[in-house]
Amino acid sequence: MSTYDVIVVGARCAGAPTAMLLARKGHRALLVDQASFPSDTLSTHMIHAPGVAALRRWGLLDQVITAGTPAIETYSFDFGPFTIAGTPRPHDGFSTGYGPRRTILDKILVDAAARAGAEVREQFTVDAVIIDDGAVAGIRGHGRDGKTVLETARVVMGADGRNSRVAKAVGAEQYNEKPKLMWSYYTYWSGLPVDGFDTVARPDRGWAALPTNDGLTMLVVGWPFAESMAYKADIEANYLKTLELAPEFAERVRAAKREERFAGGAVPNFFRKPFGPGWALVGDAGYNKDPITAQGISDAFRDAEMCSTALDEAFTGQRGYEDAMAGYQRSRDTQVLPIYDFTTQLATLEAPPEEMQQMLGAIHGNQEAMDAFVSLTAGTVSPVEFFDPENIGQIMSAGRAA
C-alpha cells in the first residue's frame, strides 16, 4: 500500500499535464492508464492558440513542432455562397494552432509527467474506486501482471474521459445537459493538402480538414445525430457522397488516397461537478461537448492548469480544499459556458436563421470581422464579446457601407 497526494486516472491530454504540473510543484503523483504509449485515440486533433500557449509555458511546444506537426495559421468557413477566412486574434502571443496525431502528442505529455517526477503506470486497469466514510480514499486495480494492488491518495482524479469510472463511482452531478447532436467520422488522406483549419457547412451536413503529421490530412464529416443509423449503414459511401455538396473539394478527395480506417461517433453534452470529498475531475470527465469546434484538447490543458493550481493551494494550506476546488469549478464554468452554447448550436447542423445569414454576409470581405469570427472557434475571442450587440451593430454598419 502506497500513499500519494494524488492519483490521476487517465494519462492523456487532461491527466498527464495535471500529474506533470502537480509533480513539478513537489507533490507525489501516480498516473495510471489502461493504454500504453504511444497509442491512438478518438480525437479532433486540433490544438487552438490557448492550448499552444500552454504547451509553450510547459516547455513542450518544441517537441510537438519537431515531430513534424504542421503549423495552422488560417481558419476558413465555406458557407456555400461565400467563404469567411482569417487569422485568429492572438492569445498570450499565439494565433497559430497545431493538429498533431495523438500517438505523438500523448506520448510527449506522458513522458513529461514522468520527467517531472510523477510515477507512471501504463496498461493499468482501475477495478474500483475506494470510498471510505463518504470520501474517496484510493483505487484498487491491476497492472499487466494481473496482480491486484490497492493505492491510496489524498485525492483521486478522474481524467478518464466522458465515461469516467471515477465520475460514475462518486455519482458526480451533471448539469447543463444537452443530447447527442452530431454523428461524425474521420480518417486520414495523403495527397490532400489544405491551407489550414478548413470547414465546410451545408444544410444538415458539415466537414472539416486539417493537416497533421506524416504529410496526412485529417478529414471529418458530420451528419445530424437523428440520421446516424443511415450514416452508419454505409460509412464510406455516405462520407464521400456528402463531399459532393462541394464538387471542387470532392474532386480533390477523389484524387487523394485514404490511408486509415474510419473512426468516429457522437458524444453527449454536459457539465459535471468536478470535485467532492477526495475526488476531482478534469477534461472530458468533467465537461464534454460536441467536437464541431475542436475545443477538447485546449479545454483539457486549461483544466489541468486550473485544477492543479487549486489542488496545490489545498495541499499547501493556502486555501481550504472546498474553497479552492469550488473556485476551480466557477472559473471553468464561467470560461466555457459561452463556447459550449455556441458549439452545441453549431452541432445541430441547422441552416442559420435569416438574421445570422445577414450577419455572415456582412462579415464576408471585412478582414477584421473575419479574423474575429474565426477567433470564436480558435478560442481567442469569446462568443460573449463577438455577439455583443454593439459589435454586431458595427459589423452590420460596415457591411451596409461597403
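Pro38 is placed in the loop that runs between β2 (29-32) and α2; helices (H or I, at least four residues) and strands (E, at least two) are DSSP runs, numbered from the N terminus. The model is predicted, so local features need pLDDT of at least 70 and side-chain atom pairs count only at pLDDT 80 or more, while totals for chains, interfaces and linings use all residues. Residues are numbered from 1 along each chain as its sequence is written, and side-chain values use heavy atoms, with hydrogens and water left out.

**Backbone**
- The peptide bond joining Phe37 and Pro38 is cis, with omega about 10°.
- Asp133 has a positive phi of about 55° although it is not a glycine; this residue sits in the loop between β8 (125-132) and β9 (135-142).

**Second largest pocket**
- The second largest pocket holds about 480 Å³ of space. A pocket is an open set of points on a 1 Å grid over the protein atoms alone, where a 1.4 Å probe fits, with protein on both sides within 12 Å along at least five of seven lines. Grid points are joined across faces, edges and corners, and the volume is the space filled by probe spheres set on the points.
- Its lining has 24 residues, and Pro50, Asp299, Arg302, Gln335 and Gly379 lie nearest the centre; lining residues have an atom within 4 Å of a point.
- Two or more lining residues come from each of α2 (49-58), α9 (296-315), α10 (321-346) and α12 (367-378).
- α9 gives the largest share of the lining, six residues.
- By class, the lining has 11 nonpolar, nine polar and four charged residues. Ala, Val, Leu, Ile, Met, Phe, Trp, Tyr, Cys and Pro count as nonpolar, Asp, Glu, Lys and Arg as charged, and the others, Gly among them, as polar.

**α9 with α10**
- The two helices α9 and α10 pack at about 160°, their axes 8 Å apart. Axes are lines fitted to C-alpha atoms over the stretch in contact, and angles run from 0 to 180 degrees between N-to-C directions.
- α9 and α10 are therefore roughly antiparallel (over 145 degrees).
- Residues in the contact (heavy atoms within 4.5 Å) include Asp299 and Arg302 of α9 and Gln335 of α10.
- This contact of α9 with α10 comprises 10 nonpolar, two polar and five charged residues.

**α2 with α9**
- For α2 and α9 the packing angle is about 45°, and the axes are 8 Å apart.
- Gly51, Ala54, Leu55, Arg57 and Trp58 of α2 meet Ser298, Phe301 and Glu305 of α9.
- Four nonpolar, two polar and two charged residues make up the contact of α2 with α9.

Key
Parallel < 35°, antiparallel > 145°, perpendicular 65-115°, else oblique.
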